[in-house]
Amino acid sequence: MSSLFTPLTLRSLPIPNRAWMSPMCMYSAAPEGPDTGAPTDFHLTHLASRAAGGAGLVMAEATGVRPDGRISPWDLGLWNDRQQEAFTRITAAIKTHGAVPAIQLAHAGRKASVDKPWLSDRYLTESEGGWQPVAPSAIAYDGLAVPHELTVEEIQQLVRDFADSAQRALAAGFQVAEVHGAHGYLINSFLSPASNHRTDAYGGSFENRIRFALEVVDAVRAVWPEDLPVFFRTSATDWLTENPEDEREGWTGEDTVRLAKELHAHGVDLVDVSTGGMVRDAKIVAGPNYQVPFADQARNQVGIPTAAVGIITEPQQAEDIITGGQADAVFLGRELLRNPYWAQHAALALGAEPTWPDQYAYVVKRRKR
Ligand SMILES: Cc1cc2nc3c(=O)[nH]c(=O)nc-3n(C[C@H](O)[C@H](O)[C@H](O)COP(=O)(O)O)c2cc1C
């Protein structure tokens, strides 16, 4: 029996398997006008096709909780009725294929206001449709604009923005809300001493640096139903302190274990464990499973369910992560872009039952692989 294709229940939500679609920005929403930030036919195809492809959970990309929280002007957003209505179509399509619709709620912080990566990836000025980014401290991400240092009132408004967006996500039919706390974006930039130099209640000590993350989690948890799960994506390390040749102080794997304990106590149901994104020039040696040890650490030292992500491409590789107890689920990113039907093929390879739609099953089942 395949562990990867064994269902996982979080709170009261059954998730049909543990091979999930990782959130991936598509830079394909309207940047202005009445449909700003609303998902389009492209997003519908992008997400629904991975659900038809057998992913047990399909997560919509980093979605800005407010306009300046988008990474680029072409990001998805969820702060108005029009966007909420457009997302309703997406969640219905994902559910049609038996997958769980999830959304990543995000604020890009000091890494906001950039061009599409396949064009230039550079900072866009206000005259180019961009805006001044915001952050815990006025320290620029390499090559981007110096951010506005948030006031305490602005921080408290941001907490409410996450909650409002979560409420809209629920109304649009999402069953999982993930708080984006990774990759150097706003929440992550509060956590790390590399980007948070505040001297008030939101900076300095570990407890102060995690305060904003926990306030967002509490606010989202308060509007998210008791029987549905909340996830938190974290960057387990900035890859600074771990590197003996790098003198900069960063967030570490041990900090992540401490944070995971707090997240667990604050009602987070799964930690989605990524790494990096805090500084452009961190030295990262990436390879298959390179982030898995961090998911393992949080899961087994804290006792909170985790998901692993990062260069997981082979069915047996994913199966071994689950069987070995390193994580409860895996997220796949680029491999699902290459092959939307990866999970159906993985099920066959691992001796589990694929979940082809009825419309396909009666014909494709005749051939084994
Ligand atoms: C095109 C693209 C867009 C991405 N956008 C997001 C995002 O919106 N939110 C996020 O947390 N990670 C994002 N990521 C990171 C992926 O979710 C994933 O963690 C990463 O690609 C590693 O997994 P992989 O090796 O399976 O691709 C993105 C990655 C890619 C390739």
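V364 is partly exposed because its relative accessibility is 33% (buried means under 20%, exposed over 50%, partly exposed in between, with a 1.4 Å probe and protein chains only). The model is predicted: local features need pLDDT of at least 70, side-chain atom pairs count only at pLDDT 80 or more, and totals for chains, interfaces and linings use all residues. Residues are numbered from 1 along each chain as its sequence is written, and side-chain values use heavy atoms, without hydrogens and water.

**Helix α12**
- V364 sits in helix α12, which spans residues 358-364 (a DSSP run of H or I, at least four residues; strands are E runs of at least two).

**Ligand**
- The ligand is surrounded by 15 residues, and the closest are S22, P23, Q104, I311 and R334 (a heavy atom within 4 Å).
- A polar backbone atom of P23 is 2.8 Å from a ligand oxygen atom (polar contacts are pairs of N or O atoms within 3.5 Å).
- A polar backbone atom of C25 is 2.8 Å from a ligand nitrogen atom.
- A polar side-chain atom of Q104 lies 2.8 Å from a nitrogen atom of the ligand.

**Aromatic pairs**
- There are 9 aromatic pairs (Phe, Tyr and Trp rings, with the six-membered ring for Trp, whose centres lie within 6.5 Å; planes under 30 degrees apart are stacked, over 60 edge-to-face, the rest tilted).
- W20 and F331 are edge-to-face, because their ring centres are 5.4 Å apart and their planes stand at 75 degrees.
- This pair joins strand β3 (residues 19-21), which holds W20, to strand β13 (residues 329-332), which holds F331, 311 residues apart.
- W20 is buried at 0% relative accessibility, and F331 is buried at 1%.
- One aromatic cluster is formed by W20, F231 and F331.

Notes. Polar contact = N/O pair within 3.5 Å; in protein donor to acceptor, adjacent residues only side chain to side chain.
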